[in-house]
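Reader: I have a structure to go through with you. Could we start with the side chains and then turn to the interior?

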Amino acid sequence: MTERYAYVPHRLLRRRVRDVASGVEGVLMAVINENVSNTAHEHWMELAYVRTASGREFSTAVDNIEPAG
């Protein structure tokens, strides 16, 4: 069995970002390449984990992340 995730370097790590899908801003805490499949056929996605001002984190597709204005 292979690992289900791997950390990925990103130029905006630990910087303020905005999720274009939701408009929510926060600090990019990690980008992780995750196996999101529940079957034998692996499906990998790069997910960005963003921490909002309230301290809650959410994930979104890494392509949805842009620097906050």
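Reader: Which side chain meets Arg18 in a salt bridge?

Author: This is a predicted model. In it, the side chain of Glu66 forms a salt bridge with that of Arg18, at 2.6 Å from N to O. The pair joins distant parts of the chain, since Glu66 belongs to strand E6 (residues 65-67) and Arg18 to strand E2 (residues 16-19), 48 residues apart.

Reader: How many salt bridges does the structure hold?

Author: There are three. One of them links Arg16 and Glu25, whose closest N and O atoms are 3.5 Å apart. Another joins Glu57 to Arg51, at 2.6 Å from N to O. Glu57 is partly exposed at 40% relative accessibility, and Arg51 is partly exposed at 35%.

Reader: Why does Leu28 count as buried?

Author: Leu28 has 0% relative accessibility, so it counts as buried, the cut-off being under 20%. Leu28 lies in strand E3, and beyond four places in sequence its contacts include Leu12, Val17, Ala48 and Val50.

Reader: What separates the C-alpha atoms of Leu28 and Val50?

Author: The separation is 4.5 Å, although the two residues are 22 residues apart along the chain.

Definitions and conventions:
Residues numbered from 1 in each chain as written. Predicted model: local features only at pLDDT ≥ 70, side-chain atom pairs only at ≥ 80, totals over all residues. Heavy atoms only, no water. Helix = DSSP H or I, 4+ residues; strand = E, 2+ residues; numbered from the N terminus. Buried < 20%, exposed > 50% of the residue type's maximum accessible area, 1.4 Å probe, protein only. Contact = heavy atoms within 4.5 Å. Salt bridge = Lys/Arg side-chain N within 4 Å of Asp/Glu carboxyl O.
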